[in-house]
Amino acid sequence: MEKKETKHQMIRQLRKDEKLPCDLLLLADELLEAINKYIFDSDIYVLEQENKVIAVYVLQLINKNEIEIKNIAVATDFQGQGIGKLLLRDAVCKAKGRGFRTIIIGTGDASIKQLYLYQKEGFEVFDVKKSFFIDNYPKPIYENGIQLKHMIMLKKELK
Ligand code: ACO
């Protein structure tokens, strides 16, 4: 089990027999069906504060060189305190440690804060999955008053 301690917080891998933090996962991905497509063959990392899971990220292997952050979420009350950045850096560190060359993340075209955070952490746009949120979700999703249409794919090379 990998562990990393911060002040009063700890990032650790969720064991297969533990309950999934569905409330958190659903903050990043609106559909449980969509989450179910990747969650069972991914590694799930949680951040705990005083024995309570307050944040999560999910890593799925794409191929021997690439790994993807499929889901990253911080409980609403804890957002804006640097935890998202901490998780992202932890994911990059783990991917590097496991010998991957590239780490990938995808987000909505209207997800301004996420696009800001990922690019600030060195991720670069390399692809756009056109109409992803229109074709794969039954209802329109809005962020920042804008309907999500396309998935913006970003990657960071791990040197
Ligand atoms: N608007 C603009 N920028 C903001 C805001 C805001 N409301 N809040 C924080 N920021 C900035 C911060 O200032 C910081 O930038 P800085 O380093 O220049 O100061 C940067 O964003 C990161 O802030 P954190 O506090 O580390 O981010 P947070 O802990 O809130 O986590 C996250 C970010 C994961 C996106 C969180 O807000 C969240 O869980 N959102 C809901 C779920 C979600 O959208 N997940 C990502 C979907 S994509 C995917 O899962 C692959």
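How many residues line the largest pocket, and which of them lie nearest its centre?

## The pocket

The lining has 47 residues, with Ala28, Ile72, Thr107, Gln114 and Tyr118 nearest the centre of the largest pocket. A pocket here is an open set of points on a 1 Å grid over the protein atoms alone, with protein on both sides within 12 Å along at least five of seven lines, and a lining residue has an atom within 4 Å of a point. This is a predicted model, where local features need pLDDT of at least 70, side-chain atom pairs count only at pLDDT 80 or more, and totals for chains, interfaces and linings use all residues. Numbering runs from 1 along each chain as its sequence is written, and side-chain values use heavy atoms, with hydrogens and water left out.

The space in this pocket comes to about 1300 Å³, counted as what probe spheres set on the grid points fill. β5 gives the largest share of the lining, 7 residues. Sorted by class, the lining has 23 nonpolar, 13 polar and 11 charged residues; Gly goes with the polar ones in this scheme.

## The ligand's shell

So what sits in there? The ligand does, going by the rule that more than half of its atoms lie within 2 Å of the pocket's grid points. Around the ligand are 24 residues, and Gly82, Lys85, Gln114, Tyr116 and Lys120 come nearest (near means a heavy atom within 4 Å).

Helices α1 (22-28), α3 (83-97) and α4 (112-120), plus strands β5 (66-74) and β6 (102-108), each supply at least two shell residues. The shell splits into 11 nonpolar, 9 polar and 4 charged residues.

## Polar contacts

For polar contacts, look for N or O pairs within 3.5 Å. The side chain of Gln114 puts an N or O atom 2.6 Å from a ligand oxygen. Taken alone, the ligand exposes 1000 Å², and the protein buries 75% of that (Shrake-Rupley, 1.4 Å probe).

Conventions:
A polar contact is a pair of N or O atoms within 3.5 Å; within protein, one must be able to donate a hydrogen and the other to accept it, and residues adjacent in sequence count only if both atoms are side-chain atoms. On a 1 Å grid over the protein atoms alone, a cavity is a set of points where a 1.4 Å probe fits but cannot get out, and a pocket is an open set with protein on both sides within 12 Å along at least five of seven lines; lining residues have an atom within 4 Å of a point. Helices (H or I, at least four residues) and strands (E, at least two) are DSSP runs, numbered from the N terminus.
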